[in-house]
Amino acid sequence: MEIQTCIKESFSVIGKEGSTNDGKDFIQRLWNDANSHFHEIAELAKKDEQDNLIGIWGAMSDLSHSFKPWEDYFTKGLYLAGVEVIAGAEAPQGWVKWTIPSYEYLYVKNESSSTFTDVITYLKAKDISLAGAVHDFNCPETGQGYIFFPIRRLM
């Protein structure tokens, strides 16, 4: 497992929001909803010079929308299945916009079902605390999934 670091300035995601209170498989249901209605927000998506999407995010927050880590050993929280959007974008009806604060992140390729737990174990061993909620990122260009672990909030 290769752990890398980066700084990501504040960014916004428009997507479909759900909660662990919504029951088993709620994340898959959110992605199905977001993907089947993507045309409603496609023009708001942030793109590179070649007109490719910048990022697909499974953004997370605690239940209070404070971008703190999920509670009760990462079993209770909110999830937003969506796409990174242009500055000033407004969420259409039926969609939700989150603006994620600036953080320094550790990030890894999501290569197995144990990747999240492996990194949490690594953080504990190195005495590094999470500064916010963990996020899933899918690179539209390669299809590779990553997990972003915020370790320092930037002001």
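**Ser 19 and its surroundings**

Let me start with one side chain: that of Ser 19 reaches the backbone nitrogen of Asn 21 at 2.9 Å. That is a polar contact, meaning a pair of N or O atoms within 3.5 Å, where within protein one must be able to donate a hydrogen and the other to accept it, and residues adjacent in sequence count only if both atoms are side-chain atoms.

Before going on, this is a predicted model, in which local features need pLDDT of at least 70, side-chain atom pairs count only at pLDDT 80 or more, and totals for chains, interfaces and linings use all residues. Residues are numbered from 1 along each chain as its sequence is written, and side-chain values use heavy atoms, with hydrogens and water left out.

Back to Ser 19, which is found in strand β2. Strands (E, at least two residues) and helices (H or I, at least four) are DSSP runs, numbered from the N terminus. Is Ser 19 buried or exposed? Ser 19 is buried, with a relative accessible area of 9%; buried means under 20%, exposed over 50%, and partly exposed in between, with a 1.4 Å probe and protein chains only. Not counting residues up to four places away in sequence, Ser 19 touches Phe 26, Leu 63, Gly 77 and Leu 78, where contact means heavy atoms within 4.5 Å.

Now the sheet. Eight strands form an open sheet, antiparallel in its pairing, in the order β1-β6-β8-β7-β3-β4-β2-β5. Two strands pair if DSSP finds at least two bridges between them. The edge strands, β1 (4–8) and β5 (96–100), each pair on one side only.

Next, the cores. A nonpolar core is a set of buried Ala, Val, Leu, Ile, Met, Phe, Trp, Tyr and Cys residues joined through side-chain atoms within 4.5 Å. The largest has 18 residues, of which Ile 14, Ile 41, Leu 44, Tyr 79, Val 83 and Val 85 touch the most other members. Elements giving two or more residues to this core are α1, β3 and β4. Apart from it lies another core, of 16 residues, including Trp 57 and Phe 67.

Last, the cysteines. How many disulfides are there? The count comes to zero, a disulfide being a pair of cysteine sulfur atoms within 2.5 Å. Cys 6 counts as partly exposed, at 21% relative accessibility, whereas Cys 139 is buried, at 19%.
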